[in-house]
Amino acid sequence: MSASLIVEAASVTKRFGDRLAVDRLDLRIPGGLCFGLLGPNGAGKTTTLRMIYGATQPSSGAIRLFGIDIARDPRAARSRLGVTLQQNVLIEALSPEENLRVFGRYHLLREPELSRRMREVIDFLELKSHARLPVKQLSGGFQRRLAIALSLMNRPELLILDEPTTGLDPAVRLALWSRVRELRAGGTTVLLTTHYMDEAQRLCDRVAIISEGRAIAEGAPGELITTHLAPETVEFDCAPEEESALLSSMGSLPGRRLRAGRRVMVYLEDATVLVDHIRHRDQGDRREMVARPTNLEDVFLALTGTRLEGAQ
Amino acid sequence: MSLSLPHALSVWRRNASMYRRTWKWNILPNFFEPVLYLASIGVGLGAYITEMDGTSYAAFLAPALVCVAAMNGASFEVTYNIFVRLTFEKAYDAMLTTPIEPDDVLAGEILWALTRACIYGSCFYAALALFGLTPFPSSLLVFLVIPLAGLLFAAIGIVFTLKIPHIELYSFYYTLFLTPLFLFSDVFFPLKERLAGPWLWVAEALPLLHPVRLARAAFRGEASFILVWDLVYLLALSTLLLIWARRAARQRLTN
C-alpha cells in the first residue's frame, strides 16, 4: 500500500442485477497527475467514479482514497475531494453566489470563510459578471463553470470531473482545460472521464481505456500509442485485395493496419515512406490520403475494434 | 449510526434558501385556506348546527383544522418537493459528493418538513385567533401537537416517496389516503357518535385522528388518559416509519 497513491481500486466489480457494469477493475492513481478514464458511453466510467467517491458500493473489491477505505469512512474521504457530475446539479432558482453558499455549507464552511472561498472560486472560474442572476438565465457554458466552481469550494486534493466538456462549444472547452491545467499545476490531482480523445490527449498525464467495464489498457497517451500502434498514421480508401497488393510491394511491410469499411489506416514510424510508395504506384491517378499523428482514437479502435466518439 | 446534525442542518439550509425566495407567495394561501374553511363549513354549515360535542361547530372544527394544516404542510414537502429534488434536480446526488450521508439527507428533509408543518400550523392558528377561536392560554398547547402531526405525516410521506418510481402515483396518495383522512378523522364530526363498537377500534388506526384529539383537548383545556395513547401512537408510528425510511433512503440514494 503506497502512501502517495490518491486513488487505489483493487479488483472492483459492480453488478446491477444481471448486468455487469464494472468488471474487476484495478486503478492506481498517484498524486499530482491528471488521470483520464476513457471509454464510450455505457462503458462503466460513471459507475466507476460513483464507487470511487462512495456514492455507490462495489459488489466486490475495495477502494481507498488518500489511504482511507471509502466504505468505512466516506465522510473523511469526501471532505478532501470535489466532484463535478455529468449532469449539472445547480439550483436553478438561485444565483451562482447562493448556489456556492449552499454547497459550501455541505462542507460545513462557516462565515467568513464561506464568503471568502466563494469569492475565490468566482474569480478563478470568471463567474463574477452573472454571480447574482438566477442560474436558469445563464448559458450552458456558464452553468458548467459554476458546476466546477461548486466542487472546488472545499479546496479538494482530488478533483473528479465526469464528462466535463460534453455539449460545450470549442471556446468554452479550451477555457475549461486551461483551468484544469492550472489546478493540476497547483497540486490538485484530477481524475476525469471523457469520450473525447483530444481532451484526454491534451489534458491527461495517464489514461485508462475502459471497455465493457474493464480497463483494457493504461499508460501515458504517447506511450499507449507507441506500444499498441506507431507514432504516425496514413489513411486512405481501398478494397482489401488492392490493399495487400499495394503494401506487399513495399519490401518491409508496415506494422499495424486497421480497416473500417473501405477506409484503411496504416500505423508506422514514418508516414512519408508509405505516402511516397503509394504515390509512386498510383502514378498519375493520385488517390486521396491523410498522413497524421496517431491518436488515442486509433488505440481504442485497435484494442476494441470499435470507434469511440459517437459510439453508444 | 452515521447521522451528523451539522450536515443535516446544511440540507435544511438548502431548502430554507429556496423557501426564502418564495415564502411570501406560500404564506398567503396559508391564511386564506382556514378562512375559507371556517367561512364555508364553520360559519355557513355551522349555522344549522346548534352544538357539536358540547361546543359551537366552529369551535369544534378549529383545533382539528390546525392539525390538517400541519399535515398538509409536511405532506406537500415530503411528496412532490422531495421527488423533484430526488429525480429532476439531482440534489441528493450532489450532496453525496460531499461529506453528507444518506442519514443526514433524511434527517435534514424531515426537519425541513417539520418546519413547513409548523409554519402552516402557526398561520392557521393565527387566522383562528382573528376569529376568536383560540381559547387562551390552553390552546397554546397545540404548538406541541403541530410538530408531532408534522413528524408523523413527514415520515409517512417520505416512505411513500422513496418507494415509488414515478410522480403520477401521488394522486393516489392524495385522493385515496390524505383526503379520506381529512374527511373521516374526527375533523368534521365526532367518530365516536357515528361508529359502532368494533369499528371504533378500527378507526384508532387512522393517523390523523390522534393529533386531532390532542389538539381538541388542548383547545378545551381537558386532559384524559386516551391522550397518552394518542401520544404513544404518534411517536411509535413515526419512529417505525423513520427506521424504514432510513433503509429506503440508503437504497434509493446509493444504488
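Here are some questions and answers about a predicted model with chains A and B.

A word on conventions: residues are numbered from 1 along each chain as its sequence is written, while chains are lettered from A and ligands numbered from 1 in the order in which they are written. In this predicted model, local features need pLDDT of at least 70 and side-chain atom pairs count only at pLDDT 80 or more, whereas totals for chains, interfaces and linings use all residues.

Q: Which element gives the most to the side of chain B that touches chain A?
A: Contact here requires two C-beta atoms, placed from the backbone, to lie within 7 Å. By that test, 21 residues of chain B meet 21 residues of chain A. Two helices of chain B, α1 (5-44) and α3 (91-95), each supply at least two residues of that side; helices (H or I, at least four residues) and strands (E, at least two) are DSSP runs, numbered from the N terminus. The top contributor, with seven residues, is α1(B).

Q: How many charged residues are on the side of chain B that touches chain A?
A: The classes are simple: Ala, Val, Leu, Ile, Met, Phe, Trp, Tyr, Cys and Pro are nonpolar, Asp, Glu, Lys and Arg are charged, and the others, Gly among them, are polar. On this side of chain B, eight residues are nonpolar and six are polar. The charged ones number seven.

Q: How far apart do the C-alpha centres of domain 1 and domain 2 of chain A lie?
A: Chain A splits into domain 1 (5-220) and domain 2 (230-293), with bounds from an automatic or database domain assignment. The C-alpha atoms of the chain fill a box of roughly 75 × 45 × 35 Å along the principal axes. Between the two domain centres the distance is 41 Å.

Q: Is α4(B) largely enclosed or largely open, and how many of its residues are buried?
A: Helix α4 (residues 102-130) of chain B reaches 42 Å from its first C-alpha to its last, close to the 42 Å expected, where the expected span is 1.5 Å times one less than the number of residues. A residue is buried if 20 or more other C-beta atoms (placed from the backbone) lie within 10 Å of its own, exposed if 12 or fewer, and partly exposed in between. The helix is largely enclosed by the rest of the structure, because the buried count among its 29 residues is 21.

Q: Where is the proline of the cis peptide bond from B:F136 to B:P137?
A: The bond from B:F136 to B:P137 has omega near 0°. Chain A has a cis bond too, joining A:E111 and A:P112 with omega about 5°. B:P137 lies in the loop between α4 and α5 of chain B.

Q: Is A:S11 buried or exposed?
A: A:S11 takes a positive phi of about 45° although it is not a glycine, and it is found in strand β1 (residues 5-16) of chain A. With 12 other C-beta atoms within 10 Å, A:S11 is exposed.

Q: Which residues does B:G157 touch, leaving out those up to four places away in sequence?
A: B:G157 lies in helix α5 of chain B and is buried, with 27 other C-beta atoms within 10 Å. Its C-alpha is 9.7 Å from that of B:Y170, 13 residues apart along the chain. The residues that B:G157 touches are B:A74, B:S75, B:V78 and B:T79.
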